[in-house]
Protein chains: 2
Amino acid sequence: MNDVISLLMKHRSIRRFTDQPVTEQQLNLIVASAQMASTSSNVQAYSVIAVTEPELKKELASLSGNQAYIEQCPVFLVWCADLYRLQQVTAPHLGEQLSYEDSTENFIVATIDVALAAQNAVVAAESLGLGIVYIGGVRNQVAELSELLGLPELVYPVFGMCVGYPDQETDLRPRLPVDAVLHRNRYSKDRIIEPVNDYDETTKRYMLKRTDGKSDTSWSQVMATRLAQPNRLHMKQFLDSKGFMKQ
Amino acid sequence: MNDVISLLMKHRSIRRFTDQPVTEQQLNLIVASAQMASTSSNVQAYSVIAVTEPELKKELASLSGNQAYIEQCPVFLVWCADLYRLQQVTAPHLGEQLSYEDSTENFIVATIDVALAAQNAVVAAESLGLGIVYIGGVRNQVAELSELLGLPELVYPVFGMCVGYPDQETDLRPRLPVDAVLHRNRYSKDRIIEPVNDYDETTKRYMLKRTDGKSDTSWSQVMATRLAQPNRLHMKQFLDSKGFMKQ
């Protein structure tokens with residue numbers, strides 16, 4: 001254990017922020033840290049939009065499932081997979097030559113790139129005493145949100161991120177036992193059920209505490225409810241309309 | 001700036017490792033740190049396979065573009081998007097009910113989840129004095145590699161990661177100017193070319209230095225060559241065969 005690992009182990013999502021602003025210098029440090037994350041063959045296939053205009057944050061909150069903290073946080077970052085920049089800057093070199101920015105492989109590359117960068121941003125932000133929460137809700141009404149932010153073809157909002165000074169204390173959320181996610185040399189299909197059963201007991205206790213005894217739903221039950229929801233089924237058609245994964 | 005941000009800013013890929021092993025305790029700290037990264041609605045849709053068997057590492061190196069450091073590093077981590085575990089543990093709760101693990105949305109969720117976790121692992125590893133390199137090459141012969149590791153349906157290897165003690169000094173690779181990736185309130189299409197032109201000059205100087213004056217290829221040129229390659233066009237069909245993105 002060391003200070004860096006202690007910081008990582010203390011992560012929890014923050015959904016209430018003080019009025020204290022995030023400074024321009026902090027934002028630049030956070031984005032510069034993000035940029036130092038690995039990127040596939042240095043493609044750097046992402047962009048981040050820092051939203052600070054109050055009206056725009058309000059509209060984004062409304063398009064992302066009415067999550068009030070999007071409006072309340074001082075800076076809302078929208079992290080986008082971005083193959084448009086690559087397409088634009090390589091076009092003069094390629095002329096009439098075929099190019100493959102529309103492949104499934106490049107969609108995956110861009111999605112990984114933005115996630116690695118964003119996670120570095122989180123570590124940097126938390127090291128500065130800031131708190132964050134990722135917002136998958138930017139994919140709720142993804143076409144409308146993309147239009148509002150002026151996202152061109154080959155760009156999609158992967159997730160949002162509220163950033164600001166925490167105005168709440170929240171518990172750490174217990175994770176699956178290490179054994180459930182860490183396999184040795186080969187994938188162990190026969191080792192799934194037992195650690196998840198243990199975790200279901202842990203999450204029941206956590207839920208009982210968190211809800212003052214009102215709920216003892218296990219992780220497996222929560223996940224079953226979630227998987228049974230036809231969630232954001234528009235993504236396939238939307239990504240197609242933006243020029244992604246044509247092959 | 002602080003110690004954590006300094007660590008992030010010093011990141012560079014390591015491709016040569018000493019013989020010193022990565023201990024079991026280090027591996028556990030690294031994976032536990034990974035697990036504390038945010039995960040969409042706590043789905044934790046990833047697995048990581050720690051490969052230490054020499055023969056297996058050799059085969060993986062051969063399947064991933066003959067990158068010798070995969071064989072040479074003490075631990076090779078294969079980070080997988082994993083919706084199989086969720087499917088298995090929720091099935092008893094769902095019975096005959098429809099579920100949507102095969103949606104494009106859930107493919108995106110799993111791919112983000114594994115990337116956030118992996119980047120936390122990188123920060124933890126580097127804080128312990130270890131070095132890493134991400135290996136996209138696990139997607140080169142993705143079907144063969146998946147079979148070798150026994151990956152079931154709804155699991156795919158997103159990237160590999162060599163971990164070990166660095167046995168080389170490498171330069172920091174310059175990144176795009178912050179202005180090229182950071183937009184304000186809305187996406188600025190008209191602000192792409194200028195910062196990239198600046199960066200092209202930076203990368204030319206960097207290449208000249210790195211190749212002892214033999215090459216001065218700019219970033220845009222390298223990217224053009226890369227985009228013109230029909231790279232891993234098997235991914236779409238492979239993901240389909242594994243049950244991903246059916247809708």
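I started with strand β1 of chain A, residues 46–51, and found it mostly covered, with six of its six residues buried. Buried here means under 20% relative accessible area, exposed over 50% and partly exposed in between, with a 1.4 Å probe and protein chains only. Strands (E, at least two residues) and helices (H or I, at least four) are DSSP runs numbered from the N terminus.

Ground rules, noted before going on: this is a predicted model, where local features need pLDDT of at least 70 and side-chain atom pairs count only at pLDDT 80 or more, while totals for chains, interfaces and linings use all residues. Residues are numbered from 1 along each chain as its sequence is written, chains are lettered from A and ligands numbered from 1 in the order written, and side-chain values use heavy atoms, leaving out hydrogens and water.

**More on β1(A)**

I checked both faces, and both are covered: A:Y46, A:V48 and A:A50 are buried on one side, A:S47, A:I49 and A:V51 on the other. Then I looked up the strand partners; two strands pair if DSSP finds at least two bridges between them. Strand β2 of chain A (residues 75–82) runs antiparallel to β1(A) and is joined to it by six bridges. In that pairing, A:S47 stands opposite A:C80. With strand β5 of chain B (residues 182–184), β1(A) pairs in the parallel sense over three bridges. There, B:L182 is the bridge partner of A:V48.

**How the copies sit**

**Ring pairs**

My rule: rings of Phe, Tyr and Trp (its six-membered ring) pair if their centres lie within 6.5 Å, with planes under 30 degrees apart stacked, over 60 edge-to-face and the rest tilted. I get twelve aromatic pairs over all chains. A:Y187 and B:Y84 have ring centres 6.2 Å apart and planes at 75°, so I log that pair as edge-to-face. It joins two chains, because A:Y187 lies in the loop between β5 (182–184) and α9 (193–210) of chain A and B:Y84 in helix α5 (residues 84–94) of chain B. A:Y187 and B:Y84 are buried.

B:Y156 and B:F244 are also edge-to-face, since their centres are 5.5 Å apart and their planes at 80°. This pair links distant parts of the chain, 88 residues apart: B:Y156 in strand β4 (residues 155–164) of chain B, B:F244 in the segment after α11 (235–241) of chain B. Both are buried. In chain A, ring pairs link A:F107, A:Y156 and A:F244 into a cluster.

**Cores**

I take a nonpolar core as a set of buried Ala, Val, Leu, Ile, Met, Phe, Trp, Tyr and Cys residues joined through side-chain atoms within 4.5 Å. The largest has 166 residues, and A:F76, A:W79, A:Y156, B:F76, B:W79 and B:Y156 have the most contacts inside it. Another core, of 14 residues, lies apart from it and includes A:L7, A:L8, A:V123 and B:A124.

**Chain A totals**

I count eleven helices and five strands in chain A. Buried residues make up 60% of its 247 residues.
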